[in-house]
Amino acid sequence: MSTGTEPGQRQRRVRLTPVRPVPVEFAGERAGEGPLTFGQLNVCAWVSETPDDFYAILCAELPVLAVVSAGDVAEAIAVLIARHEGLRTTYVPGEQLRQRVAAAGVQLLEVCSLSEGQWGPQDRPAVAEALVQRLRDSPDPGRVPVRVVVAIAPGASDRVIACAAAFTHLAVDHHAIGILQRDFAGLLAGPARRPAGRPGHQPLDQAELEATPAERRRADAALDYLREQSRRLPRCLYALPGARAIGESLAVELSSVAAAMAVRQVAARTRTSRPSIVLAAICAVIARRAGHSELVLPVLSSNRFERHLVNYVGSLAQASIATVETGGRSFDELARHTWTTVMEASRHGKYDTVKRDAMAELIEHERGLPLNYAPLFNSLVPESWSGLTAGVGFEPEQTDVALARTELRWRPLPFSATPIRFTLNQIDGCLRLDMWSGDAGLVPRAELESVLLAVERLLVAAAHGDLADGQMPGLIGLEPLASPDRILVDHCWVDVADVQRLVDDAVAPAAARVFASAGGRPLVACLTATDTVRTPEQAHVRCMAILANHPTAITPRHYVICRTAPSDPADLTAWPAPVAIGTGRT
């Protein structure tokens with residue numbers, strides 16, 4: 001195994017020089033305007049809070065599998081924009097944001113020339129990666145739905161070596177990008193590039209469908225499910241005891257041929273999807289390390305269950321919440337349980353985000369913690385039935401040999417309020433799994449690496465056969481996080497010291513002391529009354545207002561307001577009779 005930031009295979013240095021862009025004229029079948037879809041409203045909700053979010057713009061390669069010119073690419077792009085209305089949609093501000101589809105227009109195809117030398121298909125991966133990075137490093141101030149850039153070989157041939165695009169998340173999700181990549185490759189390869197027949201289901205059609213009474217009832221039912229699960233969602237699923245936030249984020253990527261081989265073995269045995277098997281291993285490791293017998297975790301639903309949405313290009317994915325019970329199950333049982341649980345949660349992934357946010361605000365006040373619906377696990381790889389049933393073609397022992405090829409690479413990322421997040425980027429040939437720490441002070445690089453290697457160990461062991469529940473802790477090889485002041489309250493592991501810091505900051509200059517329990521009640525804060533804090537309700541509001549500055553804390557369950565504090569605030573029995581007591585939630 002190797003670690004570091006350098007790739008295992010040395011790549012050719014890519015230098016891109018911008019040249020004159022190619023204007024691309026497009027004309028669709030209709031223009032129109034209408035409300036946003038549930039998926040678009042969902043993107044708007046978080047992009048409005050964090051407009052520079054890493055996922056606000058999605059960048060990807062558009063595969064160039066044949067010898068083509070920039071003009072060929074321009075022609076294919078014109079067809080794509082005409083075919084998929086989301087690629088020619090702008091968003092009109094107002095009291096309610098609306099989408100407006102243009103009938104025709106001009107899109108610039110950005111062109112970069114490569115440096116002198118011989119360039120060919122073998123250079124495509126490195127050049128495509130450079131194009132994607134260029135798009136990320138030079139955001140478009142106009143926020144057009146799509147930007148496309150090609151890299152051409154030097155000289156008069158105008159041959160395209162690679163192509164990449166940047167899409168606003170309002171226009172597409174990752175599944176939609178896969179559809180566009182397939183369409184693009186087909187347009188470049190096929191002689192008849194303009195399709196026959198009418199275009200498929202479009203975002204304006206989806207918004208109209210979602211406004212029907214039947215779809216509204218489905219959306220409200222999804223909110224009912226989400227409301228129930230939100231009452232059990234922990235604030236911080238994973239953080240090292242005593243850790244403090246530092247405001248820096250990073251990710252570590254596991255590249256493992258052995259894990260990819262192992263996952264295919266387990267899929268052939270259990271007939272479950274390969275992403276679900278990876279998630280099952282993640283759940284087993286996180287549950288062991290964080291001390292949970294079940295994990296209540298946000299997941300992403302693609303929301304593509306109906307026939308008319310299979311090839312839909314638009315933003316449909318929304319978060320749902322799944323409860324994975326890890327205790328008392330063998331690994332094969334856990335893989336099947338994870339698959340069925342996530343599928344059930346995904347059925348409840350289409351709803352009105354405005355209503356969800358109003359619901360979440362009430363639950364946050366009641367529970368005394370912020371809710372974060374960012375997914376713990378996101379799979380960017382499509383799964384087909386052949387991925388479950390195809391013969392594996394190798395023996396489990398080969399996975400043990402392949403372990404020597406495992407690599408870990410880390411990179412800095414923009415700060416995130418999400419404690420941890422896993423992204424499955426690839427599963428065929430080599431499993432590429434990212435673990436992202438929102439704050440490296442809470443979950444540092446060494447911890448990320450340990451967790452990813454534990455996931456790999458578990459998968460490789462499962463390739464040899466099912467693993468009993470009692471076998472898995474030893475294979476994981478990580479001890480549960482422990483702290484003498486760590487208690488389980490409202491589905492959250494919290495350190496009393498973290499809650500103490502929260503209360504001290506919230507009610508200053510009052511004297512305050514937080515107790516793990518008092519009078520049979522958990523997590524009780526005793527504090528002195530001040531001009532601004534005389535009631536439990538006032539104390540709770542002040543704690544809620546600064547929770548963002550204390551990412552591992554939750555608010556006290558009860559507040560005890562006293563006129564004075566004893567000489568030893570740590571002595572619970574020394575606090576005088578209270579003038580007010582309560583949860584502060586009413």
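This short talk walks through a predicted model of a single chain, from its overall build to a few of its residues.

Before I start, a word on conventions, since residues are numbered from 1 along each chain as its sequence is written. Because this is a predicted model, local features need pLDDT of at least 70 and side-chain atom pairs count only at pLDDT 80 or more, while totals for chains, interfaces and linings use all residues, and side-chain values use heavy atoms, with hydrogens and water left out.

Let me begin with the chain as a whole. It has 16 helices and 22 strands, where helices (H or I, at least four residues) and strands (E, at least two) are DSSP runs numbered from the N terminus. Along the principal axes, the C-alpha atoms fill a box of roughly 85 × 60 × 45 Å.

What share of the 586 residues counts as buried? The figure is 54%, with buried meaning under 20% relative accessible area, exposed over 50%, and partly exposed in between, using a 1.4 Å probe and protein chains only. The accessible surface comes to about 25,600 Å², and 53% of that belongs to carbon and sulfur atoms; these areas come from the Shrake-Rupley method with a 1.4 Å probe, and for residues only the protein chains shown count as cover. If we take contacts between residues at least 6 apart in sequence, 78% of them join residues at least 24 apart, a contact being heavy atoms within 4.5 Å.

Now to the charges. The 59 positive and 65 negative charges have mean positions 2 Å apart; here Lys and Arg count as positive and Asp and Glu as negative, with His and the chain ends not counted, and each charge is placed at NZ of Lys, CZ of Arg, CG of Asp or CD of Glu. Side chains of opposite charge can pair when their charged atoms come close. The structure holds 33 salt bridges, each defined as a side-chain nitrogen of Lys or Arg within 4 Å of a carboxyl oxygen of Asp or Glu.

One of these salt bridges joins E479 and R288, with the closest N and O atoms 3.5 Å apart. Because E479 sits in the loop between α14 (472-476) and β17 (486-489) while R288 belongs to helix α8 (residues 274-290), the pair ties together parts that are 191 residues apart in sequence. E479 is exposed, at 54% relative accessible area, whereas R288 is partly exposed, at 24%.

Which residue does R289 pair with in a salt bridge? Its partner is E447, at 2.8 Å from N to O, and this pair links helix α8 to helix α13 (residues 445-462) across 158 residues. Both R289 and E447 are buried. E407 and R409 also meet in a salt bridge, at 2.3 Å from N to O, and they too count as buried, E407 at 17% relative accessibility and R409 at 19%.

Salt bridges that share partners also join E215, R218, E306 and K350 into one network. Within that group, E215 lies in helix α6 (residues 213-230) and is buried at 12% relative accessibility. Not counting residues up to four places away in sequence, E215 touches L209, E210 and K350.

Let me turn to V14, in the loop between β1 (2-4) and β2 (16-27), which is partly exposed at 22%. Its C-alpha atom is separated by 7.6 Å from that of S115, although the two are 101 residues apart along the chain. Beyond neighbours within four places in sequence, V14 is in contact with L114, W119, A126, V127 and A130.

Finally, some backbone details. Most residues other than glycine have a negative phi, and most peptide bonds are trans. In this model, a cis peptide bond with omega of about 15° joins A508 and P509, and P509 lies in the loop between α15 (496-507) and β19 (512-518). N303, in the loop between β11 (294-301) and β12 (318-325), has a positive phi near 55° and is buried at 2%. L523, in strand β20 (residues 521-528), has a positive phi near 50° and is buried at 0%.
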